[in-house]
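Dear colleague,

Please find below the sequence and the structure that I am handing over to you. My findings follow directly after them.

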Amino acid sequence: MRILFSVLLSTLFVTSAMAQHADPQAPVRYGFVKGREYVYKIVSRHLDKTEKPDYYGDNFLHTLCVGVCVQDVDSAGNVLMIVSTLDERYEPIGDLDAASIDGQSMGRRPMSEPKFGVSISCTGEFLSGALLEELAETRKFREKLEKNPEAGSMSPDSVLLKWYTWAIFPVLPGPKRLNTGPGDGPAPMTRWNWTGDYGCKLSSTLRDSTSYDAITGKPQRYSILETMQPSENTRVQGKFKTQFERYSMRGVFRASDGVVTEWKSVIQTRLGYGDTPKRDQNRYLSENIVTLEEEKPCVH
């Protein structure tokens, strides 16, 4: 197992090292220190706001705690990390049937894979990833598909790991996604137009802020990135159409090392199929808060 673990990490870092070097003019970059573990808490509130007659949707709160151990950071700022699930739970909101999600009871139960390795660029672009440990349910389903491919389908590991990673570290307005030059607007605030996840057209502003550290009581400088969509975005995939009615994010980065200490995002969507009337389309609201809870040396 140790040999396999080492091979997976080597493969991940080779892929990362071969990636294009990051543009130093990127508005903001993720910063991490090799050998440090960052413990993040992710609280997600999912609301089904569909208003169709006789429709009943699931509303729930998902809380996830992960440990992010930084294995290496190369000269371009690409980060190789190991992400471990430390705790996970679900809570119903309103009159949600306690057994409605996946036919299982809520509370403490694993849904995220226990451990995976991933390499991302300094602006959060997914470079590569590999499962290091997986849920028993995932393994059984994978084995079932190997014996009987007609039993269903399963997303590739790279797709799953990309979404797991973006839940913690959303993609930033990096050089590959910018639709404008070095930014406009009077100092100390700068604005960029760019293309975000899902192909949304977004506008971001970056400003400096100073606040007092809760532990040391000393002043700490931060960079605050605020992102919104200037108008409604639409993504079409075949007969399915997703309208992003609201899309906003706010990230707080320590100016001293670039470590993100807080993320807040609100995404409201309307899903339609074919020529479904607007009144019958499904509407969802997702609110996510990611906070840095602890920093410590990685335990190998």
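**The disulfide**

The count of disulfides in this predicted model comes to 1. Its partners are C69 and C298, whose sulfur atoms lie 2.1 Å apart. The torsion about the S-S bond of C69 and C298 is about 135°, and the disulfide is therefore right-handed. This bond joins distant parts of the chain, as C69 and C298 are 229 residues apart. C69 belongs to strand β2 (residues 60-73), whereas C298 is found in the segment after β13 (282-297).

Are these two cysteines buried or exposed? C69 has a relative accessible area of 10% and, because buried means under 20%, C69 counts as buried. C298 is likewise buried, with a relative accessible area of 10%. A further cysteine may be noted here: C200 has a relative accessibility of 0% and is buried.

**The aromatic pairs**

The structure contains 12 aromatic pairs. One of them is formed by Y30 and F253, with ring centres 5.7 Å apart. The planes of these two rings stand at 50°, so the pair of Y30 and F253 is classed as tilted. Y30 and F253 also connect distant parts of the chain, being 223 residues apart. Y30 sits in the loop between α1 (2-17) and β1 (36-48), while F253 is in strand β11 (residues 240-254). Both of these residues are buried.

A second example is the pair of F32 and Y38, whose ring centres are 5.4 Å apart. Here the planes are at 70°, which means that the pair of F32 and Y38 is edge-to-face. F32 and Y38 are both buried.

Which residues do ring pairs link into a cluster? The cluster consists of Y30, F32, Y38, Y40, F169, F253 and W263.

**The nonpolar core**

In soluble globular proteins, nonpolar side chains tend to be buried together. In this model, the largest nonpolar core has 40 residues. Within this core, the residues that touch the most other members are F32, Y40, M81, F169 and W263.

Leaving aside residues up to four places away in sequence, F169 touches Y30, F32, Y40, V68, M81, I120 and V260.

With kind regards

Definitions and conventions:
Residues are numbered from 1 along each chain as its sequence is written. This is a predicted model: local features need pLDDT of at least 70, side-chain atom pairs count only at pLDDT 80 or more; totals for chains, interfaces and linings use all residues. Side-chain values use heavy atoms; hydrogens and water are left out. Rings of Phe, Tyr and Trp (its six-membered ring) pair if their centres lie within 6.5 Å; planes under 30 degrees apart count as stacked, over 60 as edge-to-face and the rest as tilted. Helices (H or I, at least four residues) and strands (E, at least two) are DSSP runs, numbered from the N terminus. Buried means under 20% relative accessible area, exposed over 50%, partly exposed in between (1.4 Å probe, protein chains only). A disulfide is a pair of cysteine sulfur atoms within 2.5 Å. A nonpolar core is a set of buried Ala, Val, Leu, Ile, Met, Phe, Trp, Tyr and Cys residues joined through side-chain atoms within 4.5 Å. Contact means heavy atoms within 4.5 Å.
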